[in-house]
Amino acid sequence: MDIREQSWAAAMRAERSGQRLAYETFLREFSASLRRIIGQRLRGLGLNAAETEDIVQEVLIAVHSRRDQWDASRPIMPWLNAITRYKVIDAARRLRRDVRLRLELTEEEWSGLSGPSEPDPAHNTADVEKMIAGLPPGQQSVVRAIGIDGASARDTAARLGSTEGAVRVAFHRSLKTLMAAAQKSFEG
């Protein structure tokens, strides 16, 4: 029998009897193993391995919140592998969807977001703020943090209590909406 199977199953059984240290050791070992496995799977799927830590956290939360559902008379590895597999599948679907939603903007499109080449600064600032105010509140926060304050997607995600991927998607959706609003404003 696999050493991890015996060790991790014993740790989960120990957790049920209140031995917190054994559970903490299990989580530390399991998370290290997850980082390697999930990183490899994401790279194998052609996806960004930078999302590994978010998925590891999702798996750990799932294991922790469902730990009472594991039948202690059965092996633990199939149960852990099933949770990991489903979380990786969910993440892969989400990441592929995110990639499709990302915009590749040209320099001209980026410059088009702020208006004509010789702007009236006070007028443009008011217009941009007015367009940003038209976005949903979550997207407003992301645009202000990344687009105006210059924060990174990671810092913005931490500040807003979201994931880095969700922040990137919200930012790109916001830019798309702002570009459409700017285009409409310039044409009409």
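This is a predicted model: local features need pLDDT of at least 70, side-chain atom pairs count only at pLDDT 80 or more; totals for chains, interfaces and linings use all residues.
Residues are numbered from 1 along each chain as its sequence is written, and side-chain values rest on heavy atoms, with hydrogens and water left out.

A search of the whole structure returned 4 aromatic pairs, a pair being two rings of Phe, Tyr or Trp (its six-membered ring) with centres within 6.5 Å, classed as stacked for planes under 30 degrees apart, edge-to-face for over 60 and tilted for the rest. In one of these, the ring centres of Trp-8 and Phe-30 are 5.4 Å apart and the planes lie at 80°, so the arrangement is edge-to-face. Because Trp-8 belongs to helix 1 (residues 3–16) and Phe-30 to helix 2 (residues 20–44), this pair ties together parts that are 22 residues apart in sequence; helices here are DSSP runs of H or I with at least four residues, numbered from the N terminus.

Phe-30 also pairs with Phe-26, the ring centres being 5.5 Å apart and the planes at 10°, so that this pair is stacked. Phe-26 and Phe-30 are 4 residues apart in helix 2, and therefore separated by about one helical turn. Trp-8 is buried at a relative accessible area of 2%, as are Phe-30 at 5% and Phe-26 at 1%, where buried denotes under 20% relative accessible area (1.4 Å probe, protein chains only). Together with Tyr-23, the residues Trp-8, Phe-26 and Phe-30 form one aromatic cluster.

Terms used
Helices (H or I, at least four residues) and strands (E, at least two) are DSSP runs, numbered from the N terminus. Buried means under 20% relative accessible area, exposed over 50%, partly exposed in between (1.4 Å probe, protein chains only).
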